[in-house]
Each structure stands twice: as structure tokens, then as C-alpha cells.
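Open the model in your viewer and keep the sequence panel beside it. Each stop below says what to select and what to look for.

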Amino acid sequence: MKNYTFPRGQRPLAAAISLTLVSVVGAQTATPPADTTRQETVVAASDPEKAKAVTLDNVIIKGQAISTSAQQPFSVKTFDKDDFRERQVRQVEQLYREVAGMEVRGLGYGNVANSITLRSFSGGGHGSDIGFVVDGIPLNEASSHADGYADVGVLIPLEIASMSVFKGPVSALYGNFNRAGLIAIETRKGGRYSEFDIGLGSYRTADVQGAFGGQVGGATVNLAAQVYRTDGYRPQSDSERGAFAGRAAFNLSSDTQLAIATRLYNGQSNTASIITQAQFDNRDRFFDLNPNVQNDSTDKVFKTLRADLSHRINSELKALALVYGTQQTFRRSFTRLTNATTWQ
């Protein structure tokens with residue numbers, strides 16, 4: 001009998017730099033002014049004697065970011081900060097169950113992303129069918145347990161300003177992880193608020209969250225923290241996690257702002273793991289720990305650091321530059337049946 005340990009997602013440092021020009025008023029249809037609109041005439045030159053003039057209609061070039069307009073050829077479900085607060089959400093995945101055509105299949109492993117189905121694509125979260133972005137930064141991991149693996153458990157519900165679930169391969173802006181759809185999450189920036197939430201449940205379950213937004217010195221600060229623990233409803237299924245997210249924005253001038261943001265996450269879980277067919281058929285032993293399961297567990301440490309520099313060029317144009325880095329250690333140990341009688 002063996003106990004396998006898979007050190008997934010061990011990345012000492014992943015970093016990226018981006019520079020973007022953003023229209024402050026938003027992208028619009030690029031239609032020439034009326035006095036400059038002109039029609040082009042194309043002449044077929046293959047046979048000059050039979051050539052006919054062909055008049056083309058106006059060609060309109062349009063560019064825009066993803067929006068939630070009713071005219072878009074896809075559907076979208078949006079949750080705002082009030083949805084997270086009023087529902088006392090303990091984990092972001094809870095709200096996915098309110099999206100038509102979306103299903104969350106809990107794997108029963110603490111601090112491990114569950115499998116999400118959207119539009120019949122079953123590889124979301126634990127695969128590459130759904131794209132996840134947080135403030136424009138991809139949460140999907142390009143190389144991990146499954147290509148595109150994304151764990152929204154590192155997010156704190158009270159820190160979220162909005163979450164939009166786009167159903168369909170709506171855009172190439174976020175790479176190749178949105179065959180089924182895209183989940184775009186925006187965290188809270190600015191504002192003045194102070195929130196606290198505590199929840200208690202069976203199996204010694206407790207969840208404590210807090211969020212703060214306001215001015216501290218010369219900075220605009222947004223902070224959030226969460227501590228969660230439970231014994232679980234099966235033997236050896238206790239889990240705990242703690243998370244912190246913070247952002248501070250400084251106005252360097254009337255047109256220039258610097259923002260520094262960080263995220264810290266630490267979680268440990270034990271897992272009762274799988275059961276045999278005989279145990280499944282015996283309802284009295286359905287939730288018992290199989291004696292062949294050996295120390296199945298998960299440990300995860302996740303850290304990010306991000307810096308944004310923005311400068312307003314004029315009333316309609318802003319330059320944005322950002323750099324971010326991610327460090328993660330993810331260990332998962334489990335035992336499995338490799339055939340009808342052998343556990344490894």
C-alpha cells in the first residue's frame with residue numbers, strides 16, 4: 001500500500017508586466033463623420049471590356065471590451081457586493097448554484113477546487129473549460145493538476161465588488177480558458193465601509209469575515225480577511241483556511257495614481273477520501289472512513305503581489321501599467337483503488 005503525494009503548482013515566482021491604453025469614455029462604434037463618409041467603387045479588371053463598377057456599402061470598424069448590454073449575443077449573470085453580504089457567502093462557489101446551466105460538483109477535498117459544469121462543459125475549475133479573471137488577472141493555472149485549474153477559494157467573499165458569469169466563448173481577451181464561459185471578478189476599490197460577518201454551523205463549523213474601506217493617511221485603503229474551519233461530516237475531514245487581501249492607492253499627482261495590492265492564503269485539510277462499492281451499498285457505513293485510506297490531506301499556500309500605475313493623458317485617454325507576481329505551494333496526498341483489491 002502506498003501513499004502518493006503530488007506537489008502541484010509549486011511555482012517559486014510567476015510574474016508579468018502589462019502596459020495598456022484605455023479610453024476613459026469606453027469603446028464606441030467607429031463611424032466616420034457624415035461629411036467625410038464616402039463610398040468606394042471597385043472595378044473588376046479581369047476583362048476590361050466587361051468590367052462593371054461595384055459600389056460597396058459603408059464599412060464600420062467596431063472594437064469594445066466585454067459588456068453586459070442586452071444587445072450582446074451571449075447571456076450573463078451578475079452578482080454585486082450586496083449579494084455576497086446578504087447571503088452570508090462562505091465561499092464564492094456558493095453563488096454559482098444560482099446560475100442557470102451551471103453546476104458545482106463538490107469533490108469532498110478541502111482546499112481543492114471543485115469541478116464546475118457550464119453549458120455542458122464539465123471541465124471548469126478543475127480543468128480548462130472556464131476562464132477566471134480577478135481584476136483582469138487570470139486565476140487559471142497554465143500548468144498544474146489540470147491545464148486551466150482555478151481555485152476561487154483564495155478569494156474572500158466580502159472583498160468582491162462584482163462577479164459576472166458570461167455563458168459562451170464570448171471573447172479572446174482572456175486566452176484559451178473560456179470555451180464554456182468566463183467568470184470575471186472585480187474586487188472593491190475605494191469607498192468608505194466597515195463590515196463584519198460571523199457564521200456558525202454544525203460539525204463545529206465557524207466562519208469569520210471582515211472588510212474595511214476608507215482613507216488611512218494619504219492612501220485609499222481596502223482590506224478584507226477571512227478565517228474558516230470545520231470538522232466535516234465524515235471522520236478525518238476537518239479543514240481550515242485563512243486569507244487576507246489588501247490594496248492601497250496613492251495619488252502621486254492629480255492625474256497619476258499608484259496602487260499596491262497583495263493576497264495571502266494558507267489552508268490545511270484532511271480528507272476521508274473515497275469509499276468502496278460495498279461501503280456505498282451499506283447505508284449504515286456510507287460516511288465511514290475506509291481503513292485503507294492513509295493520511296489523505298491537502299496543504300496550500302498562495303501569495304500574490306501587484307502594482308498598478310495609471311496616468312490620465314487627457315479627458316478621454318488613460319495609460320495603465322501593471323506588474324504582478326504569484327507564489328504558490330500546493331501539496332495533495334491521497335490513496336486510491338487501482339483495481340478491485342489493491343490500494344495505492
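Two strands count as paired if DSSP finds at least two bridges between them. Keep that in mind for the sheets ahead. Note too that this is a predicted model.

**Stop 1: the whole chain**

Show the protein chain as a cartoon. There are 2 helices and 20 strands. The chain has 344 residues, and 39% of them count as buried. Now think about contacts with a separation of 6 or more: 59% of them join residues 24 or more positions apart. The accessible area is about 19,000 Å², and carbon and sulfur atoms hold 54% of it.

**Stop 2: the five-strand sheet**

Select β6, β12, β13, β10 and β11. In that order they make an open sheet of 5 strands with mixed pairing. Which strands stand at the edges? They are β6 (75-80) and β11 (137-138). Each has a single partner strand, so one side of each is left without a neighbour in the sheet.

Zoom in on β10 and β13. These two run parallel and are joined by 5 bridges. Pick V133 and look across to β13: its bridge partner there is A184.

**Stop 3: the nonpolar core**

In soluble globular proteins, nonpolar side chains tend to be buried together. Here the largest nonpolar core has 34 residues. Select Y96, F132, M163 and I183, which have the most contacts inside it. Then colour the strands that each supply at least two residues of this core: β7 (102-105), β8 (115-118), β10 (130-134), β12 (160-167), β13 (181-187) and β17 (239-251).

Stay on M163 and show its surroundings. Leave aside neighbours within four places in sequence. M163 is then in contact with K77, T78, F79, F84, V92, L95, Y96, I183, A184 and I185.

**Stop 4: I130**

Move to I130, in strand β10. Is I130 buried or exposed? It is buried, with a relative accessible area of 0%. Setting aside neighbours within four places in sequence, its contacts include I116, L118, F177 and I183. G124, N140, N178, A180 and G181 are also among the contacts of I130. Draw a distance from I130 to F166, C-alpha to C-alpha. The two are 36 residues apart in sequence and 9.7 Å apart in space.

**Stop 5**

Select residues 205-216 and 219-230. These are β15 and β16, which run antiparallel with 11 bridges between them. Pick A211: it stands opposite A224 in β16. The two strands form a hairpin with 2 residues between them. In the turn, G217 has a positive phi of about 65 degrees.

A224 stands opposite A245 in β17.

**Stop 6: aromatic rings**

How many aromatic pairs does a search of the whole structure find? It finds 4. Next compare F286 with F287. Here the centres are 5.0 Å apart and the planes at 85 degrees, so this pair is edge-to-face.

F280 is partly exposed, with a relative accessible area of 40%. F287 also counts as partly exposed, at 44%.

**Stop 7: arginines over rings**

Stay at F280 and select R283. The charged end of R283 sits over the F280 ring, 5.7 Å from its centre. Then jump to R332 and Y109. The charged end of R332 sits over the ring of Y109, 4.4 Å from the centre.

**Stop 8: two loop arginines**

Finish with two backbone angles. R119 lies in the loop between β8 and β9 (121-124). R119 is not a glycine, yet its phi is positive, about 55 degrees. At 37% relative accessibility, R119 is partly exposed.

Last, select R204, in the loop between β14 (193-201) and β15. Its phi is near 55 degrees, again a positive value in a residue other than glycine. R204 is exposed, with a relative accessible area of 62%.

Methods:
Residues are numbered from 1 along each chain as its sequence is written. This is a predicted model: local features need pLDDT of at least 70, side-chain atom pairs count only at pLDDT 80 or more; totals for chains, interfaces and linings use all residues. Side-chain values use heavy atoms; hydrogens and water are left out. A nonpolar core is a set of buried Ala, Val, Leu, Ile, Met, Phe, Trp, Tyr and Cys residues joined through side-chain atoms within 4.5 Å. Buried means under 20% relative accessible area, exposed over 50%, partly exposed in between (1.4 Å probe, protein chains only). Helices (H or I, at least four residues) and strands (E, at least two) are DSSP runs, numbered from the N terminus. Contact means heavy atoms within 4.5 Å. Rings of Phe, Tyr and Trp (its six-membered ring) pair if their centres lie within 6.5 Å; planes under 30 degrees apart count as stacked, over 60 as edge-to-face and the rest as tilted. A charge sits over a ring if NZ of Lys or CZ of Arg is within 6 Å of the ring centre and within 35 degrees of the ring normal. Accessible areas come from the Shrake-Rupley method with a 1.4 Å probe; for residues, only the protein chains shown count as cover.
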